[in-house]
Amino acid sequence: MKNSHALLRPSLLVLAAVLALLPLAMPNNYVIDVAVRIALAAIAAIGLNLLMGFAGQISIGHAAFVAIGAYGSGIVTARFGWPPLAAIAGAAAGAAVVAWLIAKPILRLKGHSLTMATLGLGVIVNIVLINEVDWTGGPDGMPVPPLMVGGFAFAKVLHWYALAAVLLWLSVLLSLNLFDSPAGRALRGLNGSEVAARAMGVDVARFKVRAFVASAVFAAVSGSLAAHYLGFVSPSLAAFSHSVELATMVVLGGMASTFGAVLGAALLTALPQLLGGLHGYEMVFFGLVLMLTMMFLPKGLVPSLALRLRRKV
Amino acid sequence: MQFVFSGLTTGAIYALAALGFSLIYNASGVINFAQGDFLMLGAMVTAALLGAHLPYGLAIAGGVLATVCAGLLLYRLAIKPAGDASVVSLIIITIGASIFIQGVVQIVLGKNQQTLPAFSGDASLRVLGAYVLPQALWVLGTAAVLVALCFAFFRLTLLGKAMLAVAANSLAARAVGIPASRVLQLSFGLSALLGAVAGVVAAPITTTVYDIGLMLGMKGFVAATLGGLGSAGGAVLGGLIVGLLEALMAGYVSSAYKDAVPFVMIVFILLVMPHGLFGARSSDRV
């Protein structure tokens, strides 16, 4: 484990430097806008990675938590006049409570049963969002007030970039620490063998619940921020395709790899932009990426590259 | 009574979807997340061929054929090359396939909702004081026939028995000369066939659209799990129960939330009786 410490800490410095210097290389607001979207997506992906990487289980309902964060934030600011910062914290707390309540029953499931249950969660949240028109605006969604902290309004894209970059860095830090904590190592053991981990006295159930709640909070924060950034929320946030998009980011980057989740989010957010928008080809694209990654690079990009580098040394 | 009939009809559709799940699960231990998309694909291709002025029978044949090809290709191009990948990997691959199929259909056949004409008119019949669409009888009849065929296939034919053998122990099956890979391929083709037929028969009632497979697939899975994965009879019973509960929910509580029923059920079922009705010895009440 000492080895991984040495590997990880410089990487955080590098990430900070890259995030700080990136605006200099970005020619216009459009590129910065893409960067903000990448950072927000990456926060959600890092969260999902905690669940998928730790527990070795795939969730295809994670967008439900993104939507809970986004709508939670939107509803309490627009309808109750909460300040956005309190709203974001409140929405995250709400998502944590929801996750905690359903974690115990859901995490007792395994393999395809768990996957189906997470899918069910996503579908239920989607149905609620569409039907509770008085609260959520129904299928049309609802506007969300812009982000104000104290007297400062986040009006420029660059403000948002700064905020998203700081939060992304913090998320990476948190995620790395979680993976490296005694609990985290125990959980990574689960991915290999749950029985073995349990035999060594690890309280498997408790760690899984913790990973689930943490991943829900990451997703909710990402959703809240995106809601304030875009000024709008709609039920498609909780849609199946959005959940699959998040799962694809994690799988492509590499399960159980924090930087993999960031890379996956960056690639899958930036590539469609580079290709001039996918114009209805999103589903084909994500489906292909998902299948091809699993067939040819089942460990994902970052772990596969890391392995190759280590072999050369 | 009205709710019971509409429940049984949707239930029969779910039962057919569940049967497809069971078939592949039986042979390979994989849950095919693209199963619902087979139903969608069959109906959508049929609708498109009808739009091209083909006779109805030919259009159906085309839709079913296209779906079977999709099922075979899914195995050939995605499942088989993955080799001995873990179950999670295979799940991810079929999820990818599901999204991919939806995407292709959306591009090629459009995003609009399609419907198929009923097989024998729209005049409803009166049965036991309830109005029943003739198409509902088609659905129930088709389900009954297909279930009987499946049953006969596994019990009476060499191929069916070979499939069960591969499911029980693929290595041992290969040792006695059963071509396991071909049997697996067949199971994908067959479940695609089941799905396509179910999709076509159901489409006059449910209509069809590129993303309907998600709902149908999920509910089929709930039905299969309720009945006990891998059990054909269980799949049918599970489908009917899910359909009934959903119809009662829509009739007496809220139609907006009827789609939530199976999803709440699934967590409950998996926790309370993970083996389903037919897996657990204690519950042979049928």
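**A walk through a two-chain model**

Let's start with Ala173(B), which is buried, with a relative accessible area of 4%. (Buried means under 20% relative accessible area, exposed means over 50%, and partly exposed is anything in between, using a 1.4 Å probe and protein chains only.) This is a predicted model, in which local features need pLDDT of at least 70 and side-chain atom pairs count only at pLDDT 80 or more, while totals for chains, interfaces and linings use all residues. Residues are numbered from 1 along each chain as its sequence is written, chains are lettered from A and ligands numbered from 1 in the order in which they are written, and side-chain values use heavy atoms, with hydrogens and water left out.

Back to Ala173(B), which sits in helix 7 (residues 170-175) of chain B. Helices (H or I, at least four residues) and strands (E, at least two) are DSSP runs, numbered from the N terminus. Setting aside neighbours within four places in sequence, Ala173(B) is in contact (heavy atoms within 4.5 Å) with Ala165(B), Val166(B) and Ile178(B). Ala162(B) is eleven residues from Ala173(B) in sequence, and their C-alpha atoms are 7.6 Å apart in space.

Next stop in chain B: Asn32(B), in the loop between helix 1 (2-28) and helix 2 (35-51). Is Asn32(B) buried or exposed? Its relative accessibility is 0%, so Asn32(B) counts as buried. The side chain of Asn32(B) reaches the backbone nitrogen of Ala34(B) at 2.9 Å. Not counting residues up to four places away in sequence, Asn32(B) touches Phe21(B), Ile24(B), Phe38(B), Leu74(B) and Thr94(B).

Now for chain A. Chain A has 14 helices and four strands, and buried residues make up 54% of its 313 residues. Of the contacts in chain A with a separation of 6 or more, 80% are between residues 24 or more positions apart. How confident is the predictor here? Among the elements of chain A, helix 3 (residues 63-80) has the highest mean pLDDT, 89, while helix 8 (residues 182-192) has the lowest, 65. Where pLDDT is low, the predicted coordinates should not be read in detail.

How do the two chains meet? The contact takes 35 residues from chain A and 38 residues from chain B. Together the chains bury about 3,300 Å², 85% of it on carbon and sulfur atoms. (Buried area is the accessible area, with a 1.4 Å probe, that two parts lose on being put together, summed over both.) Of the area that chain A buries against chain B, His112(A), Met116(A) and Met283(A) supply 21%, more than any other three residues. Between the chains, the count of salt bridges is zero. (A salt bridge is a side-chain nitrogen of Lys or Arg within 4 Å of a carboxyl oxygen of Asp or Glu.) Helix 5 (111-131), helix 11 (240-253) and helix 13 (282-296) of chain A each supply at least two residues of the side that touches chain B. Helix 5 of chain A gives the most to that side, with 13 residues.

Leu270(B) is buried, with a relative accessible area of 7%. Leaving out residues up to four places away in sequence, Leu270(B) touches Leu109(A), Ser113(A) and Thr225(B).

Then there's the nonpolar core, a set of buried Ala, Val, Leu, Ile, Met, Phe, Trp, Tyr and Cys residues joined through side-chain atoms within 4.5 Å. The largest one has 175 residues, of which Met116(A), Leu168(A), Ile93(B) and Ile95(B) touch the most other members. Helix 2 (residues 29-55) of chain A gives the most to this core, with 16 residues. A second, separate core of five residues includes Ala43(B), Ala47(B), Leu116(B) and Ala203(B).

Last, the salt bridges: over all chains, there are two. In one, Arg37(A) pairs with Asp33(A), with the closest N and O atoms 3.0 Å apart. Arg37(A) and Asp33(A) are separated by about one helical turn because they are four residues apart in helix 2 of chain A. Arg37(A) is partly exposed at 35% relative accessibility, while Asp33(A) is buried, with a relative accessible area of 17%. In chain B, Glu246(B) forms a salt bridge with Lys219(B), and their closest N and O atoms are 3.5 Å apart. Glu246(B) lies in helix 10 (residues 232-252) of chain B and Lys219(B) in helix 9 (residues 212-227) of chain B, so this pair ties together parts that are 27 residues apart in sequence. Both Glu246(B) and Lys219(B) are buried.

Definitions and conventions
Polar contact = N/O pair within 3.5 Å; in protein donor to acceptor, adjacent residues only side chain to side chain. pLDDT = per-residue confidence, 0-100.
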